[in-house]
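Please examine the structure shown below together with its sequence. The paragraphs that follow lead through it step by step.

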Amino acid sequence: FGAEFRRFSLDRHKPGKFEDFYQLVVHTHHISNTDVTIGYADVHGDLLPINNDDNFCKAVSSANPLLRVFIQKREEADHYSFGAGTLSRKKRVLVTLRDEGLRRRAHLDIGMPHDFRPVSSIIDVDILPETHRRVRLYRHGCEKPLGFYIRDGTSVRVTPQGLEKVPGIFISRMVPGGLAESTGLLAVNDEVLEVNGIEVAGKTLDQVTDMMIANSHNLIVTVKPANQRNNVVRSSRTSGSSGQSTDSTASHHSLQAAHVLQNFHLEEMESDEEADIVIEGALESQHVPKAQGLVRANGAGLAHSLQRDLGLHNSGRESNGSIHKLLSSLKPDPRHTLVLPQGGVEEHGPAVTL
Amino acid sequence: MRRFLRPGHDPARERLKRDLFQFNKTVEHGFPHQPSALGYSPSLRILAIGTRSGAVKLYGAPGVEFMGLHQENNAVTQIHFLPGQCQLVTLLDDNSLHLWSLKVKGGVSELQEEETYTLRGPPGAPPSATQITVVLPHSSGELLYLGTESGSVFVVQLPSFHVLDNRTISSDTVLQWLPEEARNRRVFEMVEALQEHPRDPNQILIGYSRGLVVIWDLQASRVRYHFLCSQQLENVTWQRDGRLIVTCHSDGSYCQWPVSSDAQQSEPLRSSVPYGPFPCKAITKIFWLTTRQGLPFTIFQGGMPRASYGDRHCISVLRDGQQTAFDFTSRVIDFAVLSEAEPAAAFDDPYALVVLAEEELVVIDLQTAGWPPVQPPYLASLHCSAITCSHHVSNIPLKLWERVIAAGSRQNAHFSTMDWPIDGGTSLAPPPPQRDLLLTGHEDGTVRFWDASGVCLRLLYKLSTVRVFLTDADPNESLNAQGEDEWPPLRKVGSFDPYSDDPRLGIQKIFLCKYSGYLAVAGTAGQVLVLELNDEAAEHAVEQVEADLLQDQEGYRWKGHERLAARPGPVHFEPGFQPFVLVQCQPPAVVTSLALHSEWRLVAFGTSHGFGLFDHQQRRQVFVKCTLHPSDQLALEGPLSRVKSLKKSLRQSFRRMRRSRVSSRKRRPAGPPGEMQAASTKAERTGLQNMELAPVQRKIEARSAEDSFTGFVRTLYFADTYLRDSSRHCPSLWAGTNGGTVYAFSLRVPPAERRMDEPVRAEQAKEIQLMHRAPVVGILVLDGRSVPLPEPLEVAHDLSKSPDMQGSHQLLVVSEEQFKVFTLPKVSAKLKLKLTALEGSRVRRVGVAHFGSSRAEDYWEHHLAVLTNLGDIQVVSLPLLKPQVRYSCIRREDVSGIASCVFTKYGQGFYLISPSEFERFSLSTKWLVEPRCLVDSVKPKNHSRPSHGNGTGMGPERASGQARNTGSQNDGEEKKAGPVMEHALLNDERVLKEIQSTLEGGRGSCGNWHPHRVAVGYRLSNGEAE
């Protein structure tokens, strides 16, 4: 919960069953009466869940030498996404907070998958034309290669002068077993329209290649799929304010959430501080980077604020409407909240959840 | 990120940007690539060179340059100046004629294309009827005689290009006037020669290829004389008085024919085969020039014995028993003899021979005994050995400048003392505001020092590093090794010599300290030489130190080239830069970065394996650091560069041979030219289509740490900054690698009095791994006022403000993909500008430049000048990293142009547009070096020519050509006026300053003409090795 730290040992070679471990954890912390979710920090600093024998084994084997285990209350953790970068990015805290508040209102309760991290997602479904698709590939911390090729080609556009052939960039080939293929969201002959929010029109193949590679740790490609039959069919959004969303196949965000997230994605590109590793002095190439400490601090702060947040939620559900108002008043200037330092987040937290 | 994309809306900033930045390609330095034609105007004293890409370049006195480009990018085959006028006619290989003229506009001359014309025959005539072989501009300046393949001579009126049909001299007309025996023997073939009588404008000489020469009377329209040669005719020349003609022939002979009596001779007065008796090649052009002293000069091209010297490119000069065959290393395109321009003068009195070879221009002094060459002030062959790197140093102190010139003048002793004979026009450009040096490193291990201050790029000094090493070639081999009684009397001339003894000698990196005269030079085989300027010749041994960059790494094997063997014992060095220490990197991989700190007496060097620091005062290695990644196989085994370059050089030499076999004839074979062209373009197009069938695709893959060549050291940088804590600053060395790692070492340099006693110590202080892992191309430290740290010794010489050591310093790391500012000493990221993620372009070169405002005299800013892989040039502001302006400069396909770019510290730059030419560009409104010159058409000397009244009859002006001198004025007239005024002001300022400084007797004048002493920027990039 960010409040208590315990250290105990496990046999590395015989980790045993998950159930036993769960019991052990619950017992050690004297919280046997609460439902908790257990997660661990992997080598990349990502928070991953422990909820079955397999991922428990994986967690133990990947620990070197310490396995950092995080324990959260279950109802809280359900809404909190596990996944890449969740620990190392403080800005995500805000995303999650808002996301959560809105989701409650929409009465939509889709938990995150429990034993894998996201590799891709479709985003901004509601603001793009139906013929387009914006796909986000999470390369970070994944062993698979991105694995696709692009080529030059021509596409037909409708212009005021009639149909016109224009040069375009297309996906030419997928590497079998690569990340792009495994998502199923990209296919050969899909036309690439944007890379991380920047239009590729007028750019050469080499420029687009360089753009994609430069953004490869967090690549967002907008494509016009060659096969338009698999597109998400969206209901008319006449009752936008109701937040009722039917695109459950594609996204778990409600309408407003998607809007908020959309803002955030743009900002995130700016703010995804790839923390360059700085090694002070001649540390004999000991690769225990300083960043690790930072991660721990972040994680603790995060859990802490989440917990506080949760408590307040329990007490004041009826005040959700005002929360929403508050949030929407914040929306126009998300950057303002983003540039706040760590301390600022904590100060801001109570204000949001009042 | 979005905010960077948005164009600035601040009107004040936009206005300021206009005052600071302006992009111009100002002048091309060096020798035109693939020249194809030569023209000379004796009255203007201006030389013209046409190229295969359709450019026409005019050169007069140093600084007088013009350039024009034909719209059709066809080769220029002939250039003729209209006698006594500022006009010239060019013939392209598509058989079109173009009239250019030099017009005065706003006080300066401009080259403009006036008219284009293609000769059309009567309907149904074969194309050869109008295929032009010879052009003769008549001395009246109003008529052009065009000899064609069919044997007809057309008369065209200028400047309208109106064909005077009734004056056409067809072969049938000529035939009527010939006696029976000539008529029977000859078929008329193409016109090979057209010459006007030197005294009588009413007579012209027509030479046909089968050997018939007639003198045609234009008034009477009849043949006055005819001569029948037994051999194929190549060319004809008149003697100055018109009493003798000399013909040259395809069998290597030339004949003299007197034109005195009406009695027709069937035999020449004298005939000779100068290089007989064995079969000889054709003499393609001949001059017969009389002198006051009596004996005439005979100058001819070719004629060498076919079997033994048939592959030589020679021009022979004969006079009074003296004979020399000047032997050129590349094909001779054409030549001209500079002689008395006054038509009424009794003798030719030739004084210079101008030879345009394929790779250089050679001028030979014919007045001095021995016929020595004259050193050209421009048109230098930059590529006499291939350029491997370049380095620019701005604002050279006068003292160093004079010492370099003094060292260079000793090397130029073999040149004639004659003044440059081509001196037409007047240069109006203000004298350059400062002295700039451009240093080029070459494949043969030489470094050439060029005066890059003005329009003319002049060779000052040549430094060879070959003497330090043992090579196969004998260093004492002189150019004139030929014996006395050698026949033919060949003499090698020119400097173009593309053959390198050993590719390992190639220079890869150069670093010159302009204050101390220390120079560091690094080469292909891991050799790093530190040199010192010495005004005396000296003989000493070069100390050799080995730097093992692999250190204790095990199991690595270098499969690349061997290191160069150093010459043991003392070596004799000429006055100039003399090496005193050689640091040999092990393994001997290409040196990829180099930095010299003359104040601390340290030199840092990096290869693909690591980097090291050397103390050249104590001649001791300070440390080495291996940057290799254990999985980096490629770097360990060597790039097999030697094999590759051998293959490449073989291929090149084959190509060269093939090119030289292609007939050097001026014309292409008769045939329908249009059809051939169509066929070739069609072939090209289908070729392109075939290429398109296989689509180009690119793999999208994230970079991983295991990519090869991550250890490749791209940049090295010395800085005195806060590396460890914010209270004490210390010397530091920064190194950036291809894998996005930055290493920082803190240095302890003992104070000057104990400099020799205590060792320099280094300790690794920081290591930064950029997450995006892109190659680091530049590192820079900004002081407390966000001004780049000054160069070493700059503050000591009182040429720069001392850096602000109060405020916090910032570190700027430029990778190929991002610019990033970190705070020091904590190294936390402060701001960044992503380039690749937004535009898909990558940084290729970066340099700090000082931009002065064109309006406010004392206003200046420091910014980064950036060249991307797309050939765009951008200016990025310091320290806020905001893109300011962007111009497209180089074609993105021009990889060698992009790789060769260097920035100066005042917002100019150079890049290679061909192996032999640098294009100079300017980003600054204030610093603009471009030719501004005036050519006078009315020369008082040319009184005898009745041709000046012609200027009024100009046709409608049609400036279809793009002239270089007009190019920079496209932005409007008032803009032009700005810099002119500016220059004038600056110029006065400079003069004042200099006068002042001489009065004071101080050393301070050192080119610091700027009234405000400012910190000049650093050049950041060491760039990548090719």
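**Confidence, folds and interface**

Where pLDDT is low, the predicted coordinates should not be read in detail.

This is a predicted model in which local features need pLDDT of at least 70 and side-chain atom pairs count only at pLDDT 80 or more, while totals for chains, interfaces and linings use all residues. Residues are numbered from 1 along each chain as its sequence is written, chains are lettered from A and ligands numbered from 1 in the order in which they are written, and side-chain values use heavy atoms, with hydrogens and water left out.

Chain A has a mean pLDDT of 62, with 48% of its residues reaching 70 or more. Over residues 83-109 of chain A the pLDDT is below 50, and this stretch has 65 contacts in the model beyond near neighbours in sequence. Chain A contains 11 helices and 11 strands; helices (H or I, at least four residues) and strands (E, at least two) are DSSP runs, numbered from the N terminus. For chain B the mean pLDDT is 81, and 81% of the residues reach 70 or more. In chain B, pLDDT stays under 50 over residues 475-484, for which the model has five contacts beyond four places in sequence. Residues 994-1026 of chain B also stay under 50, and for them the model has 95 such contacts. For the complex, the predictor gives an ipTM of 0.73 and a pTM of 0.76.

Of the 354 residues in chain A, 49% are buried; buried means under 20% relative accessible area, exposed over 50%, and partly exposed in between (1.4 Å probe, protein chains only). Among contacts in chain A with a separation of 6 or more, 65% join residues 24 or more positions apart.

In α1 (18-28) of chain A, the buried residues are Phe18(A), Phe21(A), Tyr22(A), Val25(A) and Val26(A). Seen down the axis of α1(A), these residues fall within an arc of 130°, so they line one face of the helix; the arc is that of the directions from the helix axis to the C-beta atoms. The face of α1(A) turned away from the buried side carries the exposed residues Asp20(A) and His27(A). The buried residues of α1(A) pack against β1, β2, α2 and β3 (69-73) of chain A. Just after α1(A), His30(A) takes a positive phi of about 55°.

Which residues of helix α2 (residues 53-62) of chain A are buried? They are Asn55(A), Phe56(A), Ala59(A) and Val60(A). Viewed down the axis of α2(A), they fall within an arc of 140°, so they line one face of the helix. On the other side of α2(A), Asp54(A), Lys58(A) and Ser61(A) are exposed. The buried residues of α2(A) pack against α1 (18-28), β1 (36-41) and β2 (47-50) of chain A.

In chain B, the domain assignment, an automatic or database one, gives domain 1 (229-379), domain 2 (382-410 + 434-474 + 501-628), domain 3 (702-833) and domain 4 (836-934). The C-alpha centres of domain 1 and domain 3 of chain B lie 63 Å apart. Leu782(B) is found in strand β52 (residues 776-782) of chain B and counts as buried because its relative accessibility is 0%. Leaving aside neighbours within four places in sequence, Leu782(B) is in contact with Val787(B), Pro788(B), His809(B), Gln810(B), Leu878(B) and Pro879(B).

The contact between the chains takes 40 residues from chain B and 40 residues from chain A. About 3,500 Å² is buried between them, of which carbon and sulfur atoms give 50%; buried area is the accessible area (1.4 Å probe) that two parts lose on being put together, summed over both. The rule finds two salt bridges across this interface, a salt bridge being a side-chain nitrogen of Lys or Arg within 4 Å of a carboxyl oxygen of Asp or Glu. The side chains of Asp210(A) and Arg842(B) meet in a salt bridge (3.1 Å, N to O). Both of these residues are among the contacts of Thr836(B) beyond four places in sequence, which also include Met211(A) and Ala214(A). Thr836(B) lies in helix α10 (residues 836-839) of chain B and, at 0% relative accessibility, counts as buried.

Conventions. pLDDT is the predictor's confidence in each residue, from 0 to 100. Contact means heavy atoms within 4.5 Å.
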